[in-house]
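Please look at the sheet and at the helices packed around it. The paragraphs below take them in that order.

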Amino acid sequence: MAPLSSAHDDGDQRSQDEFVECTQLEAILICNEGIHSRLETVMVLIDKNLFVRTLVLNRPRQLNALSYQMISKLLKLFLAYEKDDNVKLVIMKGNGRAFCSGGDVAAVVHDIFRGNWRLGAKFFHEEYVLNYVIATYSKPQVSILNGIVMGGGAGASVHGRFRIATENSVFAMPETALGLFPDVGASYFLSRLPGFFGEYVGLTGARLDGAEMLACGIATHFVPSERLSSLEAALHKLDSGDPGIISAVVDEYSVQTYLKGKSMLHMLDIINRCFSRRTIEEILSALEREAVKSSDDWISSTIQSLQKASPTSLKISLRSIREGRVQGVGQCLIREYRMVCHVIRGDISRDFVEGCRAILLDKDKNPKWEPSRLDQLNESMIERCFSKVDDKEWEDLKLPARPFNTACALAKL
């Protein structure tokens, strides 16, 4: 299993499912050895420096996959720091070679296997509330993304004010390969990337390196990893929460970075032509027409990624990102909560369980999607995934009242 510390080499054409295997698989299978490992009893470390609090995700063997306990702890800390006048700045980073590889999907799948989808829903409820608090946070958050950033890791960082990429950064939203969809407010931030790049990233699970993260807006700064300790030391000395002052400090350690020759951002014109289409079928047809005109491996690998993904996931993901273009972050999270509850209940498909089995557990990398083809999904099936759940005990996501609402989230992006 090749390390991912040097991301997105020009000659690297590994497929979407291979990337998932190298990251979430490693995290989730290790979780199966013991979700509550005694070796890492403190899963969120706290470092206090004058007016700065540094939160360290501390499950390095699981690539800092977020457990329910970690999410709850982070939510309590963020809310407490917001009320504490002695806290001006919150820094978040990960221990080891990942910032955060995503949510602890293993625990959710185990709940589903035991017939208790509501426990899984509770996990996502807490996670989405944390995402909303971060998106509407009144104090600056600096996320140091020195490694893998996937799924829930994006939700814990991209909604924050400052996102620092390095040469070790790898960003991806690989949910369609798992029978899920880009959640944690991804329909909000992906839809605000340049052109239709968000649709491309969300549907294909494409991975971005640090330079690409900066260029498309996922990251706000690029700092070489060798300068991170000096940057943190400088931030620890601050007694101000002024974003301008914090930005000036980060700027001192930032460097100009350049896209690699085969960066997908050089393909933005083609991405816009294809991924602006109304349906998944039309996107695939547009890509196939481009493939006739060009022998570029990127186009064929993009088509393959879409063909391997769950048809249900592709359809609901595209609609989700499109709706996110005209919705606030809170609206996106409420809608995504409805969607994820339908997914884990298996209302229109059990692809989430099947995807986790094939990619993360049995590792045969041969999921049996059901429905297996795009044309087997009708509009009523997709519509159901966006409706309220037909269960007397179920309730919509309830977001806390915030002093700084959507306007604050818009300012960060």
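Six strands form an open sheet in the order β1-β2-β3-β5-β7-β10, with mixed pairing; strands pair if DSSP finds at least two bridges between them. Helices (H or I, at least four residues) and strands (E, at least two) are DSSP runs numbered from the N terminus. At the edges of the sheet are β1 (44-49) and β10 (221-222), each pairing on one side only. This is a predicted model: local features need pLDDT of at least 70, side-chain atom pairs count only at pLDDT 80 or more, and totals for chains, interfaces and linings use all residues. Residues are numbered from 1 along each chain as its sequence is written, and side-chain values use heavy atoms, with hydrogens and water left out.

Within the sheet, β5 (residues 141-145) runs parallel to β7 (residues 162-165), the two being joined over 4 bridges. I144 stands opposite I164 in β7. Helix α9 (residues 228-236) packs on the sheet and touches β1, β2 (52-57), β3 (89-94), β5 and β7; contact means heavy atoms within 4.5 Å. The direction of α9 makes about 155 degrees with that of β3.

A helix pair comes next. The axes of α7 (residues 197-204) and α14 (residues 311-324) come within 10 Å and cross at roughly 150 degrees. Axes are lines fitted to C-alpha atoms, for helices over the stretch in contact, and angles run from 0 to 180 degrees between N-to-C directions. The helices α7 and α14 are therefore roughly antiparallel to each other, a term for angles over 145 degrees. In α7, G198, E199, G202 and L203 meet L314, S317, L318, I321 and R322 in α14.

Notes
Parallel < 35°, antiparallel > 145°, perpendicular 65-115°, else oblique.
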